[in-house]
Amino acid sequence: MPPLRVYAETSVIGGCFDHQFQVASVRLFDLIRRGRFLLLLSRLTLDELQAAPAHVRGVIANLPEAVIRRVPFDAEMVRLRDASNTVTRTAATPVDSILRP
């Protein structure tokens, strides 16, 4: 089975250093590093990372290039982003169970 593709915005990357999100974010990037997921990054995210602290930029810089795909930030990405902001999560999703240590 090919790896799942995961789009991460800047806040997900920074979550590696935020106590509230650290466990899940670090686990996500570990799974990406191991090739379980392909990381989709938009030009917008890459531009935002330029202003981020070095340790946040390092999360991406330390990933193998083979697990990163650059994608355009287009109307479809905006639609998906907006849709994900309206979802109420009442039960564990398959991704939640993957990210649990």
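In what order do the elements of the protein chain run from the N terminus on? Colour the chain by secondary structure and follow it: the order is β-α-α-β-α-α-β-α-α, with six helices and three strands. Helices (H or I, at least four residues) and strands (E, at least two) are DSSP runs, numbered from the N terminus.

The model is predicted, so local features need pLDDT of at least 70 and side-chain atom pairs count only at pLDDT 80 or more, while totals for chains, interfaces and linings use all residues. Residue numbers start from 1 along each chain as its sequence is written, and side-chain values use heavy atoms, leaving out hydrogens and water.

**Whole chain.** Show the surface. The protein chain exposes about 6700 Å², of which carbon and sulfur atoms supply 58% (Shrake-Rupley method, 1.4 Å probe; for residues, only the protein chains shown count as cover). Of its 101 residues, 32% count as buried; buried means under 20% relative accessible area, exposed over 50%, and partly exposed in between (1.4 Å probe, protein chains only).

**Core.** Select Ile13, Phe29, Ile32, Leu39, Leu41, Ile60 and Leu63. Of the 20 residues in the largest nonpolar core, these touch the most other members. Such a core is a set of buried Ala, Val, Leu, Ile, Met, Phe, Trp, Tyr and Cys residues joined through side-chain atoms within 4.5 Å. At least two core residues come from each of α2 (22–33), β2 (37–42), α3 (43–50) and α4 (54–61); α2 supplies the largest share, four residues.

**Ile13.** Centre on Ile13. Apart from neighbours within four places in sequence, Ile13 is in contact (heavy atoms within 4.5 Å) with Phe29, Leu41, Thr45, Leu49, Val56, Val59 and Ile60.

**Thr10.** Move to Thr10, in helix α1. Is Thr10 buried or exposed? Thr10 is buried, because its relative accessible area is 17%. Not counting residues up to four places away in sequence, Thr10 touches Thr45, Glu48 and Leu49.

**Helix α3.** Select α3 and look down its axis. Thr45, Leu46 and Leu49 are buried. The buried residues of α3 pack against β1 (4–7), α1, β2, α4 and β3.

**Helix α4.** Finish at α4, where Val56, Gly58, Val59 and Ile60 are buried. The buried residues of α4 pack against α1 (10–14), α2, β2, α3 and β3 (68–71).
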